[in-house]
Amino acid sequence: MASTHASAQVLVASNRGPVSYTQDDSGGLTAKRGGGGLVSGLSAIGPDAGALWVCSALGDGDREAVRRGVGEPGVRMLDIPADVHHAAYNGVANSALWFVHHMLYQTPLEPVFDAEFRAQWAAYETYNRSFAEALAQEAADGAAVLVQDYHLTLVPRMLRELRPDLRIGHFSHTPWAPVDYFRLLPDDIAAEVLNGVLGADRAAFLTRRWADAFTACCHAVLGPDATSGTRIGVHGLGTDANFLRARAHEADVDERIVALREQIGTAPDGTPRRTIVRVDRTELSKNIVRGLLAYRQLLDDRPEWRERVVHVAFAYPSRQDLAVYREYTAEVQRVAAEINERYGTPGWTPVVLHVKDDFARSLAAYRLADVALVNPIRDGMNLVAKEVPLVSDGGCVLVLSREAGAFEELGDDAVVVNPYDIGGTAGALHEALSMGAEERAERTKRLTAAATALPPARWFLDQLGELRAT
């Protein structure tokens, strides 16, 4: 009997897809291509692989494109009702699962898993079911399906029930919470999340630490044999060195460098000022405020650095539809302004803060970095830690949180900090600024080698290969 299934041999499922649409005043739609590891990975398998990317319509332009039948080959965008998407994405994924895995709750007051949350959880189930049904419709017999991240933890189990013939993988781009913190979730929901991921043939993570935490949660919540039917894997994600190096030397980046150098200025003795660079979204886990406080402590403890160093801090707004993120962005701006008011002179602005996203300007900052400050509270990997040493013109010292996934690969050649320790981070910044040119160059060389060891295409193809071999 002939198969009644569709023809896609390799499928990727993620909340955000490789393309988005905006609608102008006349009703015209404009497509914008995205980037990242998944895009590079799918490109690496070639145009004849029968690949399909299933994603969600995220805005009005995307939804209008779906309704008009506008799209790109190899992409299926799902027009999930906006209220369902909002409840699933903001109510559960970003306000519960993200907070649990990054350990962000102020536990005397939160979380509160009440009737409103249960309604949001029902939307999260509906959202995941929409993906599972679309994947089941599109996949060829025995196809490989790679489900991405915390937005879609329930999809593997739902899809397994619909299509037991498929090879299903799930990849977590976030950390995984330790057992005690994961169990902040209601017991039934904690079990549903774990069982959802365990519907995959293979569950993969960015580091061994996160993989072990997932396994520990499964054993604690579901029992000692819970993971016996699912292989657990680790795939670190590195940088696309060729792309970054080429992009960092295009004309618009050179223009941004000129502007940044003017903002940074020169020290009173005429020498170039040193730069401490950070580039982040104003995501709560990135720890930007404590980074600024550590810089303030450095200026207090080591007055010799006043007028000789500038903190170039790019903090691009994230998730501004959530009040806590708007408040955090405002606090970043407040602390930066307070430092500038307290220490600044007519010829020196201690903190150069930008909050408007500009990729070319970010690359310009990378190139100018003497020190890269990457101090997250907790991070699945953190590619900025890998990108800055790769792009920095003169080599840079990496000040790195031990709670970043990148610590596993880069920790030996970074100046490592406890992200909560303001004084310790200030001391690390002094150590980094004071490091000799030869040691800085050697560390940069080793950091670059580690950062490029697992480029995005290999990261994707390794997962696909392991899944097919399952």
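Two exercises with worked solutions follow, and both concern a predicted model.

**Exercise 1.** Determine where Tyr 328 is placed, whether Tyr 328 counts as buried or exposed, and which residues Tyr 328 is in contact with.

*Solution.* Begin with the secondary structure, where Tyr 328 is found in helix α12, which covers residues 323–343. Next, take the relative accessibility of Tyr 328, which is 15%; because buried means under 20% relative accessible area, Tyr 328 counts as buried. Then turn to the surroundings: once neighbours within four places in sequence are left aside, Tyr 328 is in contact with Thr 282, Glu 283, Leu 284, Asn 287, Ile 288 and Val 289. Finally, for a separation across the chain, Glu 125 lies 203 residues from Tyr 328 in sequence, and the C-alpha atoms of the two are separated by 29 Å.

**Exercise 2.** Work out how helix α3 and helix α4 pack, and which residue classes make up their contact.

*Solution.* Start from the geometry: α3 (residues 82–102) and α4 (residues 115–138) pack at an angle of about 110 degrees, and their axes are 8 Å apart. Because angles of 65 to 115 degrees count as roughly perpendicular, α3 is roughly perpendicular to α4, and the crossing of α3 past α4 is left-handed. Proceed to the residues that meet, among them Val 84, His 85 and Gly 91 in α3, and Phe 117, Gln 120 and Trp 121 in α4. Sorted by class, the contact of α3 with α4 has 11 nonpolar and 4 polar residues, and no charged residues.

Definitions and conventions
Residues are numbered from 1 along each chain as its sequence is written. This is a predicted model: local features need pLDDT of at least 70, side-chain atom pairs count only at pLDDT 80 or more; totals for chains, interfaces and linings use all residues. Side-chain values use heavy atoms; hydrogens and water are left out. Helices (H or I, at least four residues) and strands (E, at least two) are DSSP runs, numbered from the N terminus. Buried means under 20% relative accessible area, exposed over 50%, partly exposed in between (1.4 Å probe, protein chains only). Contact means heavy atoms within 4.5 Å. Axes are lines fitted to C-alpha atoms, for helices over the stretch in contact, and angles run from 0 to 180 degrees between N-to-C directions. Angles under 35 degrees count as roughly parallel, over 145 as roughly antiparallel, 65 to 115 as roughly perpendicular and the rest as oblique. A crossing is left-handed if the near helix is turned anticlockwise from the far one by less than a right angle, and right-handed if clockwise. Ala, Val, Leu, Ile, Met, Phe, Trp, Tyr, Cys and Pro count as nonpolar, Asp, Glu, Lys and Arg as charged, and the others, Gly among them, as polar.
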